Amino acid sequence: MDTMTILLVEDNPDDEELTLRALRQNNIMNRVDVVRDGAEAIDYLFCQGAHKARDPSQKPAIVMLDLKLPKLDGLEVLRRIRAEERTRLLPVVILTSSREEQDLISGYSLGANSYIRKPVDFKQFVNAVGQIGLYWLVLNEPPPKQP
């Protein structure tokens, strides 16, 4: 069985560290690959550019996607994930500090599986990340592997 990797798409080093700490505090020890902008997320997912040596059959179990990213914003990353057959069913959780209702509507319209606003309170954030990990990495039944 593949290792269940988490892809964290986050450009803010503080939010990245908070997310990694929250995962550890919930005993989620899965490998976490971090990319820091939308273009790198696309390169990672489609094994191109700096990630062309990555095995395309090793898809992440979940993508934790920030919206406000350099180069390509998170909504465009999500649009491209859903447009490709090989990534269409990949679970994507938007994890953002955006309070804009239009981002919420757009995220779900483009096929996000979940939309979580980053709580300012660290304890709430740890709890939210733990629930994400429990659900998507343990409880959720993924679709059958696709080529």
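Which strand does Asp33 lie in? Select residues 32-35 and you have the answer: this is strand E2, and Asp33 is part of it. Keep in mind as you explore that the model is predicted.

**Stop 1: Asp33**

Show the side chain of Asp33. With a relative accessible area of 15%, Asp33 is buried, because buried here means under 20%.

**Stop 2: Val35**

Stay in strand E2 and move to Val35. Is Val35 buried or exposed? Its relative accessibility is 1%, so Val35 counts as buried. Now select Leu7 and draw a line between the two C-alpha atoms: Val35 and Leu7 are 7.6 Å apart in space, although 28 residues separate them in sequence. Leaving out residues up to four places away in sequence, Val35 touches Leu7, Leu8, Val9 and Glu10, along with Glu40, Ala41, Tyr44 and His51.

**Stop 3: the largest nonpolar core**

Nonpolar side chains tend to be buried together in soluble globular proteins. In this model, the largest nonpolar core has 23 residues. To find it, select Leu7, Val9, Leu45, Val63, Leu65, Val77 and Leu78, the residues with the most contacts inside this core. Colour the elements that give two or more residues to this core: strands E1 (6-9), E3 (62-65) and E4 (92-96), plus helices H2 (38-45) and H3 (74-83).

Now centre the view on Val63. Which residues does Val63 touch, not counting those up to four places away in sequence? They are Leu7, Val9, Leu45, Leu90, Pro91, Val92 and Val93.

A second, separate core is also there to visit, with 19 residues, including Ala22, Val34, Val129 and Ile132.

**Stop 4: two crossing helices**

Select helix H1 (residues 13-25) together with helix H5 (residues 122-139). Their axes come within 8 Å and cross at roughly 65°, and the crossing of H1 and H5 is right-handed.

On the H1 side, pick Leu18, Thr19, Arg21, Ala22, Leu23 and Gln25; their partners in H5 are Phe122, Phe125, Val126 and Val129. Colour this contact of H1 with H5 by residue type and you will find seven nonpolar residues, two polar and one charged.

Notes:
Residues numbered from 1 in each chain as written. Predicted model: local features only at pLDDT ≥ 70, side-chain atom pairs only at ≥ 80, totals over all residues. Heavy atoms only, no water. Core = buried A, V, L, I, M, F, W, Y, C linked by side-chain atoms within 4.5 Å. Buried < 20%, exposed > 50% of the residue type's maximum accessible area, 1.4 Å probe, protein only. Helix = DSSP H or I, 4+ residues; strand = E, 2+ residues; numbered from the N terminus. Contact = heavy atoms within 4.5 Å. Axes fitted to C-alpha atoms, helices over the stretch in contact; angles between N-to-C directions. Left-handed = near helix turned anticlockwise from the far one by under 90°. Nonpolar A, V, L, I, M, F, W, Y, C, P; charged D, E, K, R; others polar.
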